[in-house]
Amino acid sequence: MSLEQAIQQLRTHLEIAPNIVEWRVLPVEPARTVEWPEGLDQRVTGALARRGVMRPYTHQAAAVEAALAGRDTVVVTPTASGKTLCYTVPVLESILRDSDARALYLFPTKALAQDQLHELHELITEAEIDVKTFTYDGDTSPAARRSVRTAGHVVLTNPDMLHTAILPHHTKWVRLFENLRYIVIDEIHTYRGVFGSHVANVLRRLLRICRFYGSEPTFICCSATIANPAELATELTGRAVELVDDSGAPRGERHVVLYNPPVVNAELGIRRGVIKSTTDISSILQAAGSQTLVFAGSRTNVELLTTYLREEPGGQPANAGAPPPVRGYRSGYLPTERRAIEASLRDGSVRTVVATNALELGIDIGGLDASIVGGYPGTLASLWQQAGRAGRRGEASLAVFVAGSGPLDQYVVNHPDYVFGASVEAGLIDPDNPLIAAEHLKCAVFELPVASDEHAALGEHTAALLEALEAGGLIHFAGERAYWMNEAYPAEEVSLRTGAEQNVVIVDHGGAPVRHEGDRSQAARVIGEIDRPAAMLLVHDEAIYVHDGRQYHVDRLDWEELKAYVHRVDVDYYTDAHLSVDLKVIDEWDTRELPSTSGHGEVAVTYLATLFKKIRLHTHENIGWGKIRLPQDDMHTSAFWLALPDELVIDAPTSKVGGALHGLGQLLVNVAPLLLMSDPRDLQLSIQVKSPHTERPTVFLWEVVPGGVGFGEHLFEDQGRLLAIARGLLEACECPDGCPACVGPPAAPGLEVKTLVIEALKVMAAVTSDAAPEPEVEAAPVLATVWS
Amino acid sequence: MALAREEAQTRSRADLTAIRARLRRLISDMERRGPKPVSALREVREAGRSRTTLEVFPDAVRRETSEGVCTYREVRYPLAFEVGEVPLTALAQVNGDLLDLLAPREELGESTLGDLWFLDIETTGLSGAGTLVFLVATARIENDEAGSAVVLRQYLAESPPEEAALLEALIEDGRFAEDPVLVTYNGRSFDAPMLDERATMHRRRAGLQGLRHLDLLHPTRLAFRGLLTSCRLGMVESEVLRMQRPSEDIPGAEVPAWYFQFLRVGDARMLRPIVEHNELDVVGMTGLLAWLAVGVQQQAPASNDRAARDALAVGRLLSARGRASEAVRHLERSICLGRSERRADVVVLEQGLLLLAAIHKRDEQRERAAELWHRALELPASAPLTPLLELAMYYEHQRRQFDLAIELAERARYHIERWLHPRDPVRGGRALMEIEHRLSRLQLRAKHARSG
């Protein structure tokens, strides 16, 4: 059977076909290849030829040529277009020309570095050349570190290791820094917002150390499709980066389908659930034998889909003892388990993988026949990234988006032009954010005394920041230089990411009673791990934790020791816990009454899991509930808040106030990143219809980073501009009553959210004395077309 | 979007003063969140105007190098000087044989006293490129018209940039011998790599890690681990050398804070405690080497309340270096001086008995070993497992007194069950299996012996 048959079935299926909103077939693109640039070492090109790459694609040749000429480049081409060769070839070439030459690879995760090490190693072995490659991360043994530092030609690491372990100890890495020719940054689109601003500062520090040791490396960056790859790469590296985006890789016929599940209750407007609908479609592909990747929005959904798909035709091994053809894949699986699943995807023994966005990044799993996206992943970039996983080189592929019932999903599925026509999100960063820059300036001074002629290279506020750091007693000026004057190790005080550091380990103790720590029954074994916030929801006492379709009952969650003790069960239900997120103002730093009550300060965001439901498999009916007894988790951060003007609220019906509040909040969340040069994921929105702090209907924009990087204050100080941009955007938006780009899709028809919000903005503008002239703002960051 | 950025930039250029104010706030917030500064310094009590280093240290000079100027001083310690209770004259007994014993892998057999280069550094932190070396003390044993003496040299960076000159002066002075031998306390993992990395920071090469190196920490650990609260140099100085630090001496952990305070305030009186601390560290090291020379070589060192412990320490060191026949003399002396009133004395006596017994056992002198194990068993409040097991073996195999062996093995089993197993299930479990095995074999042999 083939993909063609599956496509045929979908098109004619009595229940599915009527609910297909859009079916587009994107045309075939033939391969465009050229000769390798002159003078490349034949051992490498020969090895590539033996591995099937006789002639490079146009973009590969262009990238190799630019890199060899020392021009900084960013390569932006579709998934599976051979991006890796764009940096592997020039790096190996430079090492073969000069065996002292070194290269540094940065990947956003350890797993990707391991993946690339493996691939690079195979090519080196095939080419029979003496090039030493190492990963350098938290797992590298102290014994191995010495040889990585001195002997490694290519060091594969991540920005976090560069920040805390390599740069502060650069005197141990003299060989690397004296001879560094290339810095490779893969997945550059992940470095945006606060994280990207941190990484940009780390790169400034890196280039400084290179200058000190007399090397001037060339950047080779790779990115998935974003609106502004060259701009982002330029901001990150501080260099004018050349864009290579004309892909010469072949693409087969691509079918992209938008699917809106059928209405099952017309009176209440309820549609068939996204899990069931995703199962419906995936099972057809599974039965047809097509290798399929199914994306599910949450970890629970991954496990439910894995369970259901195993019950469908083709879901069980052909003969007993064979590996299961359907696998789950998500964070929380142990690394070895994940590597095994990736490998069996590549060798074809696994036919269907159900994954969260953990598989979105460039983990090498080869090309697949089809990709099913169950539920809108939140951004268009993610949607296309997930859809783009389908497609073997030059062969036909299928991508299906299955909409959920939320307003955002419904908007997307009903507006094909929004999906196809358009735009993907831009990657914005602000390396000069004072708080972020200050943290890295401390690190920079620690690494090498900062001379006065270096200020510009370290960011626009350097002089002012140094002054403040001196006043704080952290640095000492002597001569024209600033010296570190503190016993602290500054790199350890700042983490580049917000990610939760603590994990709960899940232990299968085989059903033996758990009496106390250290009570180890013989069957105890670790089956997975889970980050702390999610643990509250997934492995609380009495939860049914599902791992690769296997059910475990959680006997006890030891919140102190961060361990969950579970045992295998076989029940007909799963559990679903509710997390309540609450926001409280701890400290108001400033407030203003006009145009409307606003303020900024420190807030405490509390997460509390209270109840869980038991839900029957397949029918999804509620069959019971229980209490969760866990302490709440607190996070302190910075926030900006804004209340609706009193005159709009007085005498207004509650539904209107609520609608206006949600609309205003959504609009501000869309606009704020433009002002802050940050990523939408750096900010969260909380709505309080009657805020205990302002005593008014209030929107809160708070930072995801614990402690914050000063966004609350920035928004407060610039609120005139924020509101002006918001109004400009809203008035220019052509949607009838709300869309994801402005106030959000309407929760119900006829709310007139757009009108309400415009009204509110007018009232606020009218009383703002220092209102900035309204700038013209593009309706959305429309800069690139995905399928170009 | 591009517009928003442009705006942000215009704004920041336009209002630099406001930004400065905001930064100050942000940074003070940041500091409030960050770790607190080190504990408050003890105040320098003298009031009045600031003093310069040359005022505070009359023997100091400003020393010119190709890399700039640093502060430098020399202090001559005649060999008659006593470090605690140890006269430096004992250094005369240092020879190739002793050095070989202390650092067997360094091939120091041909080295002489004059090759030794004692060294200790003071830094602003523990690791990383932002840690400065601002003070170094070295010592060498030199002969001049006034006779032999330990000559101490100190190199001080009065400001961070002077570190370059400090290193340069140190590198110059390190050329005093063809093949100098570095003598440090934990310098193999700290002082030597740190100096080499600091040289890298100034684009120079120090090469200290390439020198032969006697790190006194290692033999000191072999000799004293478990006998002192810790093997830190200060502990060895006070407990072994009986060296008194002056009352104003500061703990090593406070050294960076004093230096930072000096940089801020510029009063060299704040340097005095650090400079003295650093000086005493190196003097302590010369004293320790002298002590080791006396301890290893002298026939009968002074008898005092620490003599048993010290003889045991020397015996342990010799034994660990494979020189058992020499160790025996020290161990016998330790046992002979040993007491059992205090707990610490019991530990010394017990360790001496067991180590000596082990040496005799290896030399096939089983009777003598058995006698020592019996003595160890009689000690009050000791840990009797080793002598019980050893004696059980002895009575089974050498004396064929199976009933006695059974009794000893049963006592051993009781101790394993009661004490070892609860604390260390892995070792305890294995020991239990072994003892059960031994017991059943013993029962069998005892039965055979009775019936036969």
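The largest nonpolar core of this predicted model, a core being a set of buried Ala, Val, Leu, Ile, Met, Phe, Trp, Tyr and Cys residues joined through C-beta atoms within 7 Å, has 359 residues, and those with the most contacts inside it are Val539(A) and Val183(B). A residue is taken as buried if 20 or more other C-beta atoms, placed from the backbone, lie within 10 Å of its own. In soluble globular proteins, nonpolar side chains tend to be buried together. Helix 10 (residues 272–297) of chain B gives the most to this core, with 13 residues, where helices (H or I, at least four residues) and strands (E, at least two) are DSSP runs numbered from the N terminus. When residues up to four places away in sequence are not counted, Val183(B) touches Leu116(B), Trp117(B), Phe118(B), Leu119(B), Leu214(B), Leu216(B), Met285(B) and Leu289(B), a contact being two C-beta atoms, placed from the backbone, within 7 Å.

Chain B comprises 17 helices and nine strands, and 41% of its 452 residues count as buried. Seven strands of chain B form an open sheet of mixed pairing, in the order 1-2-7-6-5-8-9, two strands being paired if DSSP finds at least two bridges between them. Strand 1 (60–65) and strand 9 (212–215) of chain B stand at the edges with a single partner strand each, so one side of each is left without a neighbour in the sheet. From one strand to the next, the twist averages 30°. Strand 5 (residues 116–123) and strand 6 (residues 133–144) of chain B pair in the antiparallel sense over six bridges, and Glu122(B) has Leu135(B) in strand 6 as its bridge partner. Helix 5 (residues 163–173) of chain B lies across strands 1, 2, 6 and 7 of chain B and runs at about 45° to strand 2, with axes fitted to C-alpha atoms, for helices over the stretch in contact, and angles from 0 to 180 degrees between N-to-C directions.

The domain assignment of chain B, which is automatic or from a database, gives domain 1 (53–295) and domain 2 (302–451), and their centres, taken over C-alpha atoms, are separated by 41 Å. The contact takes eight residues from domain 1 and nine residues from domain 2 of chain B.

Residues are numbered from 1 along each chain as its sequence is written, while chains are lettered from A and ligands numbered from 1 in the order in which they are written. Local features need pLDDT of at least 70 and side-chain atom pairs count only at pLDDT 80 or more, whereas totals for chains, interfaces and linings use all residues.

Key: Buried ≥ 20, exposed ≤ 12 C-beta atoms within 10 Å, placed from the backbone.
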